[in-house]
2 protein chains.
Amino acid sequence: MHNIPSLIDAYIATWNEGDPERRRTLVARTFTEDGSYVDPLMTGAGQDGIDAMIAGAQQQFPGHRFELAGEPDSHHDRVRFTWHLKPVGGEDVVAIGHDFGVVAEDGRLRSVTGFLEQAA
Amino acid sequence: MHNIPSLIDAYIATWNEGDPERRRTLVARTFTEDGSYVDPLMTGAGQDGIDAMIAGAQQQFPGHRFELAGEPDSHHDRVRFTWHLKPVGGEDVVAIGHDFGVVAEDGRLRSVTGFLEQAA
């Protein structure tokens, strides 16, 4: 088992990284070349596809940040974790996500599936 | 999108089916030929492997039943749902599982990953 907490911290940081060059570097650190992402609102395939998808999400929801909620839960090559979307500088939870991932042998994410939950 | 609630009902029924012939029929209805299952305690590959794994689990935890908790949540070819393990005839929740599945084009499960949570 690789260092799952570090991987998921880097994954969350990727979604929060506004600088295009640093974001693309983080995508390459957290996703395999053939990595993929799918949730109810968007999909991305390959590192460039995932980077473009995250850039689009950042433009669509400006002024917000993702925070890991609790610890990642993992076994074998699988991981699940929950995140909260909050306004920058605030603690209101705007949206909740439950992400499920498959980790490749090199310790990067091969696929992530996101499920969204309306904040109460 | 196929009928996800029916699929997940059949999946739960498979885990509860004590008759070997009916259980094997349910496995074939709910999993593809190359289907796989993995959770922290056990793994099964292919319909025969999954059937043997469930038979073993039933022997290990006799006198219990699985119940779906809430509605399955699904998008694209992905589904997640939660189940409770209870003693037959009782309502105490002994264990909680969070299952994540990938659905094949024919509407059966191609892979299921289970995560376990200790009941409070």
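The model is predicted. Chain A and chain B bury about 1,400 Å² between them. The largest pocket is lined by residues that include Phe61(B) and Trp83(B), while the lining of the second largest pocket includes Phe61(A) and Trp83(A).

**Interface between chain A and chain B**

- The size of an interface is often expressed as the accessible area that is lost when the parts come together.
- Of the roughly 1,400 Å² buried between chain A and chain B, 68% is on carbon and sulfur atoms.
- Three residues, His75(A), Arg80(A) and Phe115(A), provide 40% of the area that chain A buries against chain B, which is more than any other three residues supply.
- In terms of contacts, 17 residues of chain A meet 17 residues of chain B.
- Four residue pairs are in polar contact between the chains, both residues of each pair being at pLDDT 80 or more.
- Zero salt bridges are found by the rule across this interface.

**The side of chain A that touches chain B**

- Strands S3 (64–75), S4 (78–87), S5 (95–103) and S6 (109–118) of chain A are the elements that each give two or more residues to this side.
- The largest share comes from S6(A), with four residues.
- By residue class, this side of chain A holds six nonpolar, seven polar and four charged residues.

**The largest pocket**

- At least two lining residues come from each of helix H1 (4–16), helix H3 (46–60), strand S3 (64–75), strand S4 (78–87), strand S5 (95–103) and strand S6 (109–118) of chain B.
- H1(B) contributes the most to this lining, namely four residues.
- The lining divides into 17 nonpolar, six polar and four charged residues.

**The second largest pocket**

- Two or more lining residues are given by each of helix H1 (4–16), helix H3 (46–60), S3, S4, S5 and S6 of chain A.
- The element that gives the most to this lining is H1(A), with four residues.
- The lining of the second largest pocket comprises 15 nonpolar, four polar and four charged residues.

Terms used: Residues numbered from 1 in each chain as written. Chains lettered and ligands numbered in written order. Predicted model: local features only at pLDDT ≥ 70, side-chain atom pairs only at ≥ 80, totals over all residues. Heavy atoms only, no water. Contact = heavy atoms within 4.5 Å. Buried area = accessible area lost by both parts, 1.4 Å probe. Salt bridge = Lys/Arg side-chain N within 4 Å of Asp/Glu carboxyl O. Polar contact = N/O pair within 3.5 Å; in protein donor to acceptor, adjacent residues only side chain to side chain. Nonpolar A, V, L, I, M, F, W, Y, C, P; charged D, E, K, R; others polar. 1 Å grid on protein atoms, 1.4 Å probe; cavity = no way out; pocket = protein on both sides within 12 Å on 5 of 7 lines; lining within 4 Å.
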